[in-house]
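Here is a short briefing on one chain. It starts with a charged pair and then widens out.

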Amino acid sequence: MQAIRVEKEIGGRKLIIETGSYAKLAHGAVSVQYGETVVFAAVVRAQPREGIDFFPMQVDYRERRAAAGKFPGGFLKREGRPTTKEILTARLIDRPLRPLFPKGFMDEVQVHLNVLAFDGENDPDVLAGIAASAAIAISDIPFIRPTAHVRVGRVDGKIVMFPTIEQTDASDFDIVVAGTKLAVNMIEVGAREAGEDEIADAIEEGHGIIKQIVGVIDDLVKKAGREKVGEPKHLDPGLLDAVRARVEDKLRKVKGIAGKQDRNDAVDEIKTALLAEMAPAVTDPNASYMSIIAQKDQAKKVRAAFSEIEEAVTREAILAGKRPDGRDYHTIRPISCEVGVLPRVHGSSVFTRGETQSMCTITLGTSSDEQMVDGLIPEYSQKFMLHYNFPSYSVGEVRPIRGPGRREIGHGALAERSLIPVLPTIEEFPYTVRVISDILESNGSSSMASSCAGTLALMDAGVPISKPVAGISIGLVKEGNKQVLLTDIIGEEDHFGDMDFKVCGTKDGITAIQLDIKIEGIGHDVVRDSLHRAKEARLVILDKMAQTLGKPRAKISEYAPRLLTIKIDPEKIGKIIGPGGKNIKALQADTGAQIDIEDDGTVYISSVDGAGAERCRDIIEAMTAEVKPGKIYAGRVVSIKDFGAFVEIAPETDGLCHVSELSDDYVERVTDVVNVGDEIRVKVVLIDDTGRIKLSRKQALREEGSTDGATGKPQPRGEGEDRGEGGGGGGGDRPPRRDDRGPRRDGGGDRGPRRDGGGGGGRGPRRD
């Protein structure tokens, strides 16, 4: 088959979609290129598994490091489990595709997405969304209509479509929109307190580009599309009518019960009675295998019919003005906030909204606790992270305890994104910060509760955030021409409703958005109205939070490390570390502080004991202080030689005071004037081009008008000459010997000053 190609210029670059060359055994396969970034998608379908009652689609997105000419970091040079970025991208693609498969279609569908080439500029995530949609559209898999993804940014006040990675970093917001030609059906936003109408306008502009891309996919379908196969499964209308007659009125009565568990118990009671009537359990021990299978199949159909009737009753009640828990469309559930709820941890809070509850804890760490992130772009460190946990007890269920799933990673990323814009800069607060959100109860919008609890916990920990952040979810129920928005949706409204529109922000603007819908799409009027409804609710929640804790605490926890930051000359990093880490290990053992050093010379010093951190800072500052010619230092004699004394004038930095520079009087033996351990004043006379330091005691005494410790006489000012006596050539007019080179440059810098003859000067600062 010959390759089929369609293309269109969008955002100043060509978007190219091609099929027919690769993966011909897949049900649909395309490659998408934008700039020099290429993503490949293949989709396959299989017969539905026996007994399932849901649509089992899997989206798997992978970024091979080879696409950017890189090896995977770490010991193993092969990619393993998906990274956080890959999981979040897979969710970004899955969410807009899922509502566009026909209701009742339950064939297994798997979408494979691989990044084949990455140019360092164009993020492949949105291209993968386009590729997935195009692959399904040309396949034989039933699909209502194609979707497309677009990224929207605003740089220097101008809207940019498909911004480069560099432009995204400089943008006021990062918006990813997906939708069809008719409507928007997925939104993901990270923003720096952007206004509601600004975001709505950008989304609308992005949808205009989506229409163009979908047009390109439509052209590809005309050229390479296959006939759709598979029939959606629908319930027997007669069974639906029979179930409706038995339970509809009963469900209407229990839907007004306030508590989630009480309401669920009442619904379960109705369902149990229905099953006993319409699909009674087989109790005869001699019953045939086929009769048991028939009973189970009937029970499954009755449950499905019951669920459909419950959905219809719930939606009908909401449209009539009666929400499942009795609230009106605008009312937020009761809120309570607590801070400082746990001892020892660096910060903690509990945020409760109705029957949704999040407990957040804060851990403050140093730069060594940063998360290193490796991917297609250059490796970077992450100093803030929020980890979201959703245990089964939060919804009263029993479930195996495993690692975090895609939902937990996605919800944690949303709450994390909402808080990043209000965090202090590294210069203001150099700590690494970890937030853990444990969901203790869940009845809707637990990720939004995590944003609120996270804000309170950060303030409780003394993290100087610029403003508090709160989050709320807006729901939608739409039937024909009638639709209603629901503030602060609960689980049933999420399950039976059409939209979960999560919005986070401060009093001044939006910081994060995530939109999921179950219908084909929503109009721009719904997007705009939902954003403004969310702001109304957010201000109420922020006011409630402020009554508990209005601003960050002035001090961090006594159990958190005290973190000091200093800047040194990068050339002196080796001096702090020492050979094999000897110096830094000794310094950490002596002061009890943890030392982390960046390549640019930034030194982070942390210790639970503040005094230990300050002492460590003072020592490092002394070790790295710049020794200046002409300056007088208080030094300590560390070694005596025939030709002079080596004097340490700063930690790990010493110089030679030649015997002729010890006194204006004749000195026969060095020990007549100084001994090892003596504290003396010396002047730096010279630092040669190899870093060796020449010192003079007599000049220091003259300038300070001190008494000569050797003779007891006041030193005359301006008298005395270098005599060049006593061996090594460093004290007189002779040039320094070239065989004593000071610090070694070949990795052997751990040797001390040479003790085997004249040197002309000391080592100077060590470079290792």
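In this predicted model, arginine 353 and aspartate 488 join their side chains in a salt bridge, 3.1 Å from N to O. Arginine 353 sits in strand 12 (residues 347-353) and aspartate 488 in the loop between strand 19 (482-487) and helix 10 (491-496), so the pair ties together parts 135 residues apart in sequence. Arginine 353 is buried, at 0% relative accessible area. Aspartate 488 is also buried, at 0%.

**Other salt bridges**
- The chain's count comes to 62 salt bridges.
- Glutamate 188 pairs with arginine 95, with 2.8 Å between the closest N and O atoms. Glutamate 188 belongs to strand 10 (residues 184-194) and arginine 95 to helix 1 (residues 84-97), so the bridge ties together parts 93 residues apart in sequence.
- Glutamate 188 is buried at 10% relative accessibility, and arginine 95 is buried at 12%.

**Helix 7**
- Aspartate 297 and lysine 301 form a salt bridge (3.3 Å, N to O). Both lie in helix 7, 4 residues apart, about one turn of the helix.
- Aspartate 297 is partly exposed at 36%, as is lysine 301 at 38%.
- Methionine 290 lies in helix 7 (residues 289-319) and is exposed at 58% relative accessibility.
- Tyr289, Met290 and Ile293 make a nonpolar surface patch of about 360 Å² accessible area together.

**Whole chain**
- The chain holds 15 helices and 29 strands.
- The C-alpha trace spans about 120 × 65 × 60 Å along its principal axes.
- Buried residues make up 52% of the chain.

How values were computed
Residues numbered from 1 in each chain as written. Predicted model: local features only at pLDDT ≥ 70, side-chain atom pairs only at ≥ 80, totals over all residues. Heavy atoms only, no water. Patch = residues over 30% accessible without salt bridge, like charges linked within 9 Å, V, L, I, M, F, W, Y side chains within 5 Å. Areas by Shrake-Rupley, 256 points an atom, 1.4 Å probe, with all protein chains shown as cover. Salt bridge = Lys/Arg side-chain N within 4 Å of Asp/Glu carboxyl O. Helix = DSSP H or I, 4+ residues; strand = E, 2+ residues; numbered from the N terminus. Buried < 20%, exposed > 50% of the residue type's maximum accessible area, 1.4 Å probe, protein only.
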